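Please look over the sequence and the structure before turning to the notes below.

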Amino acid sequence: MNLHDKLGTDLAAINRLLRSVVETDSDLPRPSVVRDSVLKLIDAGGKRLRPLMVIVGSRYGKEMNDSLVLRTAVMLEYLHMASLVHDDIIDQSDMRRGEPTLHAATDIRTAVHVGNYMIARAMEWAAGKPEHAEPAEAPLPELREEDAYRLAELAAMVTELCMGEYNQLHNRFNYDMTLEQYLSKTRFKTALFMAHCLKAGADAAQADPDTAQLLFDFGESLGMAFQIQDDLLDFTHTRETIGKPAGADLRSGNVTLPVIFALEDPSLAPSIRQLDAHASSDVFGEVVSRIAGSPAIPKCRALARQYGEQACRIMDQLQGHPAQGDLRILAEYFLQ
């Protein structure tokens, strides 16, 4: 059973609503490279983890507002997808989930434009009067003014994503990056987004402030654990498993936690520091293999486990709530 089934959410309905955001944009020509690119990104699939987190967070509320929850979930998924478009450009990644990235399939200028459009359109759609593309489906009701303001305020978190992306770009091939700098980048780029998703769902359903804050703190710790584990995959899994070459992050100059810990090894550090954008694929491959077999990997796993345990301690403070089982399913998925 997949995660959506375990949590009782309708993945197909989420995907239809994602498509409707661009299909109902009357200002967008049909056909157009922007429209076709966004729809292709949506149809490429994905686990839709951010909308799931919004929905789970909403189950901790006192008064369910399906319209606001759905608007919030879809807007945040659009911001996430747009961030991936920009992320792939910065990382010079030509593959994602085994398929060409948008800038590889089109060009960098087009991809940047599409990513920017997705952010702007998501904010416009969420705060406006969106109509479904299919007439058989009822349109979402108009938002109250205070809810529209809350969505606009939430969209401002794009600045946090930008800070994370900028830090990553600024530190390309920076082998003097500290652990604190890495953790800060990871918090901005991944953890805070996950935290906002849970809290936004809770706020949309009128959860009490203390509960919403606990969900935010839980999401932040969970996000830190998740990103560290994701960074580990770059060294411990094959291209067939993760849909991109092993060591792709390092090859693009992205200094992740395994690299930071491996640099502490005097016998390994010189080989890492010689890597730059001009190093050969064979040289990268050799260093990636050495990092994969080094003590850096268990050290990363230990730190990810610490963040996971911290998330579980926060989750325990929400014991007794009817949605606790859903939150535990979410935690188990991210921490497995």
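Helices (H or I, at least four residues) and strands (E, at least two) are DSSP runs, numbered from the N terminus. The model is predicted, so to speak of local features requires pLDDT of at least 70, side-chain atom pairs count only at pLDDT 80 or more, and totals for chains, interfaces and linings use all residues. Residues are numbered from 1 along each chain as its sequence is written, and side-chain values use heavy atoms, with hydrogens and water left out.

**The chain as a whole**

- The protein chain has 18 helices and 2 strands.
- Of its 336 residues, 52% are buried; buried means under 20% relative accessible area, exposed over 50%, and partly exposed in between, with a 1.4 Å probe and protein chains only.
- Contact means heavy atoms within 4.5 Å.
- Among contacts in the protein chain with a separation of 6 or more, 74% are between residues 24 or more positions apart.

**Helices α5 and α7**

- Axes are lines fitted to C-alpha atoms, for helices over the stretch in contact, and angles run from 0 to 180 degrees between N-to-C directions.
- The axes of α5 and helix α7 (residues 108-127) cross at roughly 165° and come within 9 Å.
- Helix α5 is therefore roughly antiparallel to α7; angles under 35 degrees count as roughly parallel, over 145 as roughly antiparallel, 65 to 115 as roughly perpendicular and the rest as oblique.
- The crossing of α5 past α7 is left-handed, a term used if the near helix is turned anticlockwise from the far one by less than a right angle, with right-handed used if clockwise.
- Residues of α5 in this contact include Val74, Met75, Tyr78 and Leu79, and those of α7 include Ile108, Ala111, Val112 and Trp125.
- By class, the contact of α5 with α7 has 17 nonpolar, 3 polar and 1 charged residues; Ala, Val, Leu, Ile, Met, Phe, Trp, Tyr, Cys and Pro count as nonpolar, Asp, Glu, Lys and Arg as charged, and the others, Gly among them, as polar.

**Two residues of helix α5**

- Val74 lies in helix α5, which spans residues 66-91.
- Val74 is buried, with a relative accessible area of 2%.
- Leaving aside neighbours within four places in sequence, Val74 is in contact with Leu17, Leu18, Val21 and Trp125.
- Although Val74 and Arg19 are 55 residues apart along the chain, their C-alpha atoms are separated by 9.9 Å.
- Ser83 is also found in helix α5, and its relative accessibility of 12% counts as buried.
- Not counting residues up to four places away in sequence, Ser83 touches Leu161 and Glu165.

**Helices α17 and α18**

- Helix α17 (residues 296-316) packs with helix α18 (residues 324-335) at an angle of about 180°, and their axes are 11 Å apart.
- The two helices, α17 and α18, are therefore roughly antiparallel to each other.
- Gly308, Cys312, Met315 and Asp316 of α17 make the contact with Gln324, Leu327, Arg328, Ala331 and Leu335 of α18.
- By class, this contact of α17 with α18 has 5 nonpolar, 2 polar and 2 charged residues.

**A residue of helix α11**

- Glu220 is placed in helix α11.
- Leaving aside neighbours within four places in sequence, Glu220 is in contact with Arg187, Ala191, Leu192 and Ala195.
- The C-alpha atoms of Glu220 and Ala311 are separated by 8.0 Å, while these residues are 91 residues apart along the chain.

**Backbone features in loops**

- Arg30 and Pro31 are joined by a cis peptide bond, with omega about 0°.
- Pro31 lies in the loop between α2 (11-23) and α3 (33-43).
- Phe173 is not a glycine, yet its phi is positive, at about 55°.
- Phe173 lies in the loop between α9 (158-170) and α10 (179-204) and is buried, with a relative accessible area of 16%.
- Gln206, likewise a residue other than glycine, has a positive phi near 60°.
- Gln206 lies in the loop between α10 and α11 (209-236) and counts as partly exposed at 33% relative accessibility.

**Cysteines**

- A disulfide is a covalent bond between the sulfur atoms of two cysteines.
- Here a disulfide is counted as a pair of cysteine sulfur atoms within 2.5 Å, and by this rule the count comes to 0 disulfides.
- Cys197 is buried at 0% relative accessibility, and Cys300 is buried with a relative accessible area of 0%.
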